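Hi,

Here is the structure I promised to pass on. Have a look at it first, and then read my notes below.

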Amino acid sequence: MPSNFLPAMPDFGSVEAVLNPRAEDVYAADVACYPPAYRATRRRIDLLCQSFAEGVTLYRGRVAGSVAVLGYSAWHPFDVSLLGGPWPKEVPVDRGGEGAYVYNYSVVPACIGGSVARALMQRLDQQIAGSRILAADTVSEHGRRAARRWGMRLHEAREIDGAPWELWART
Ligand SMILES: CC(C)(COP(=O)(O)OP(=O)(O)OC[C@H]1O[C@@H](n2cnc3c(N)ncnc32)[C@H](O)[C@@H]1OP(=O)(O)O)[C@@H](O)C(=O)NCCC(=O)NCCS
């Protein structure tokens, strides 16, 4: 087999965007999208789903006859004065806040560069379009690419639990 052989993209069947998804499905998507160092805690996902469920969108499709989670996005409004200091490890949901904190955008590795990723990013872009001020955790070049496209710049960088972490923001 040639070394540059790539398997055919799996057929994800009809892909569904689920608004207000179940926290356990979002957690499963997080585990499927990230290596252990960058996974969200179940507690954090429960909090997102309980306190701003309208900001969480799960993507799922049919793979080899069963339904699989393919990715998720999550954002919530935040108090923009938080950008004046060190970014908190857990950002409170502030329904009156003027900023949109983009907590996550990710698809499973097989979906990167494909139509599921495009749909997720375009829908997320519409969801946060009402906010001039944006903040996003970025842990990869994919994340930085999207952050730049939203007009964000590197705002803060440090290590969290031993893994490099960056906050990008549009202020
Ligand atoms: C983040 C991720 C979902 C982006 O998917 P991708 O396929 O790499 O996305 P691309 O940057 O190639 O963009 C694909 C399409 O999405 C849309 N898009 C991407 N960024 C966008 C943005 N900021 N605003 C609006 N649309 C956007 C565009 O339609 C784009 O297509 P185009 O360039 O032809 O216009 C994917 O790379 C991923 O899941 N990576 C692993 C997890 C990860 O690192 N997530 C980032 C967390 S920091």
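By "in contact" I mean that the C-beta atoms of two residues, placed from the backbone, lie within 7 Å. By that rule, Val102 is in contact with Trp75, Ile128, Leu134 and Ala136, leaving aside its neighbours within four places in sequence.

Before the rest: this is a predicted model, where local features need pLDDT of at least 70, side-chain atom pairs count only at pLDDT 80 or more, and totals for chains, interfaces and linings use all residues. Residues are numbered from 1 along each chain as its sequence is written.

On to helix H3 (115–127); helices are DSSP runs of H or I with at least four residues, strands are runs of E with at least two, and both are numbered from the N terminus. Val116, Ala117, Leu120 and Leu124 are the buried residues of H3 (20 or more other C-beta atoms within 10 Å of their own; exposed is 12 or fewer, partly exposed in between, with C-beta atoms placed from the backbone). Seen down the axis of H3, they fall within an arc of 100 degrees, so they line one face of the helix (the arc is that of the directions from the axis to the C-beta atoms). Ser115, Arg118, Gln122 and Gln126 are exposed on the other side. The cover over the buried residues includes strand S2 (56–63), strand S3 (66–78) and S4.

H3 also gives the most to the shell around the ligand, with 6 residues. That shell has 22 residues, the closest being Ala117, Met121, Ser140, His142 and Gly143 (C-beta, placed from the backbone, within 6 Å of the molecule).

Cheers
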